[in-house]
Amino acid sequence: MVTKKRTPWLGMDLVFRAPSMAHIAWALGDDETRRVLELCQDIARDKTLAWLEDAVAEIRWKSGGKNRARVRDGLIVAVFRHYESRAVDSWPLLHDHAVVSIRARRPDGTWGNQTAGSLMTHIVAADALNTLLFMEEVSARLGWAWEPREVTPGRRPVMEIAGIDQRLIGWQSTRRQQIEDALPVLTAKYEERQGHPPGEQAAYALACQAADQTRSPKRTVPLSLTELRERWRASAIAAFGACTVYRLAERARAAAAAVWARVRPVVDIALAAAQTIAVVYVMRGAFKYHHLLAEARRHLSYVLRGRPHQPGLDEQIVQEAIGHYTRPVGRGRMMTADLRALYPHDTEDQAVLRPLTRNRSATPYQRARLAAGAPTARVHAVRRADRLNSRPRPRTVAVPATPSPRPGRRTGRDLEPTTDVAAVEQTSRTLEAAAAEMAARLQAGIRERAAARRPSPQHAPATAPPPHAQQPVRPAPGRTTPTGGIA
């Protein structure tokens, strides 16, 4: 996770933090596992900072900062590594503080202040990139896989290492429990004062207030990393047993083998673009490029589960989404989803999607996943039609079902007809035969009308024209073609 803090005179403090399961594996694993996870943290952090330098950071000059350009010679960054949380009981929390200096060089070589707004705008996309890169490094070096875990019901799941005991999260995350214990009191006071439950923004403000009220002072007695790891391992063994701690890496490798056998790490750009645009549209309504980029990177994390991705694949997904499913709105770089392109010829889907942005009975992520269901089904249908070597047919053409239903199945209007490859091929042959017969009748009628209008020959020999002199006959609009199909 990448978070930001403002430092008035220095710049910004970017905090790089791995997922919760990585903290547990780093704290309770052996020394080799600890060093590998620290190396993965270094690589993911450096690549994320390099992306911020090359694609995001801007320098400004002149009155009001009206002139802006990319920084020259990179950013000035100081990195500090911390191993524990700030609580008195000191729980494992591997994270890095990257303090980015506000000073940078302009294209002409002079020094000035960089634009903090560009870094602040892309902080969520940087967080998604750091998580994606960290997952890839861990899977490549340790052979572990990742699975989604639902932290809060109805909210976006987080990616965690598969095979690690879930009880260790409760052992480590005491801070979250403190906030959850203080939040109901603040929520009750808000409802008594306002007369209604808090909305999304008010709930976030109350959570921040609960975090501030339960924040404990920092521990003043320093401990070495060896002492901290011995204390953490003793606490985990006392709570869950020695087998849970000492076999942590072994169980993670066994779970990874099961994940790779079940999940195919294949990225479909068309499917990813449709899902990305539907989720971002329901979550935000109007959005910008960096919102799509962050969601595309989350999609890659979920689909690949730690497998490496090709460089620039996230940007390809965003370009596919912008080129096919968006339209500009207002002034500037804002855009929104083009419902006619996202749901072509499906007015029912469009009517369902619009109320999703105003429905308050479900969480935003639940509404977003529901909205992504229709384009996902359409992409799967197109892929299935390509595999069967059949072109999409109009809605008025009915595909015949199997002659006899399977025993034990219900029949009626509530049961959709089932089709297989043999039925599709039979239908194709039937259509081709009917088209050929109708084309033959059409050509015969044209010849008869031409013979009736032609004057009777006087002394011309009755010879048939050569085959190459015959002109092809174009069928009338709406009729079938000799090659089969429907024109």
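Is His380 buried, partly exposed or exposed? With a relative accessible area of 39%, His380 is partly exposed, because that class lies between the limit of under 20% for buried residues and the limit of over 50% for exposed ones.

## The chain as a whole

The structure described here is a predicted model. Its protein chain contains 18 helices and 12 strands, and 37% of its 487 residues count as buried. Among the contacts in the protein chain with a separation of 6 or more, 67% are accounted for by residues 24 or more positions apart.

Two pairs of residues give examples of positions that are separated in sequence and can be located together in the model. His380, which lies in helix α17 (residues 373–387), is 109 residues from Leu271 in sequence, while the C-alpha atoms of His380 and Leu271 are 8.2 Å apart in space. Ser216 belongs to the loop between α7 (200–213) and α8 (225–240), and its C-alpha atom is separated by 7.7 Å from that of Arg86, although the two residues are 130 residues apart along the chain. Ser216 itself is partly exposed, because its relative accessible area is 25%.

## Helix α4

Helix α4 covers residues 123–142, and its 20 residues should span 28 Å at 1.5 Å a residue, a value that agrees with the 28 Å between its end C-alpha atoms. Since 15 of the 20 residues of α4 are buried, this helix is largely enclosed by the rest of the structure. The residue that follows α4 is Gly143, and the phi of Gly143 is positive, near 75 degrees.

Helix α12 has 16 residues, and the distance from its first C-alpha to its last is 22 Å, close to the 22 Å expected at 1.5 Å a residue. Of these 16 residues, 13 are buried, so α12 is largely enclosed by the rest of the structure. When its neighbours within four places in sequence are left aside, His299 is in contact with Ala272 and Gln275.

How do the axes of helix α12 (residues 289–304) and helix α13 (residues 313–325) cross? The two axes come within 9 Å and cross at roughly 125 degrees, which makes α12 oblique to α13. The crossing of α12 and α13 is right-handed. On the side of α12, the contact is made by Tyr289, Leu292, Leu293, Ala296, Arg297 and Leu300, and on the side of α13 by Leu313, Asp314, Glu315, Ile317, Val318, Gln319 and Ile322.

## Loop residues

Arg305 is the residue that follows α12, and its phi is positive, near 60 degrees, although Arg305 is not a glycine. Arg305 is found in the loop between α12 and α13, and, with a relative accessible area of 8%, Arg305 is buried. Asp73 is another residue that has a positive phi without being a glycine, in this case of about 65 degrees. Asp73 lies in the loop between β4 (67–70) and β5 (77–84), and Asp73 counts as exposed because its relative accessibility is 58%.

Thr115 lies in the loop between β8 (111–113) and α3 (116–121). With a relative accessible area of 6%, Thr115 is buried, and, leaving aside its neighbours within four places in sequence, Thr115 is in contact with Glu58, Ile59, Arg60 and Arg68.

How many disulfides does the model contain? A disulfide is a covalent bond between the sulfur atoms of two cysteines. The rule applied here asks for a pair of cysteine sulfur atoms within 2.5 Å, and by this rule the count comes to zero disulfides.

Notes:
Residues are numbered from 1 along each chain as its sequence is written. This is a predicted model: local features need pLDDT of at least 70, side-chain atom pairs count only at pLDDT 80 or more; totals for chains, interfaces and linings use all residues. Side-chain values use heavy atoms; hydrogens and water are left out. Helices (H or I, at least four residues) and strands (E, at least two) are DSSP runs, numbered from the N terminus. The expected span of a helix is 1.5 Å times one less than its number of residues. Buried means under 20% relative accessible area, exposed over 50%, partly exposed in between (1.4 Å probe, protein chains only). Axes are lines fitted to C-alpha atoms, for helices over the stretch in contact, and angles run from 0 to 180 degrees between N-to-C directions. Angles under 35 degrees count as roughly parallel, over 145 as roughly antiparallel, 65 to 115 as roughly perpendicular and the rest as oblique. A crossing is left-handed if the near helix is turned anticlockwise from the far one by less than a right angle, and right-handed if clockwise. Contact means heavy atoms within 4.5 Å.
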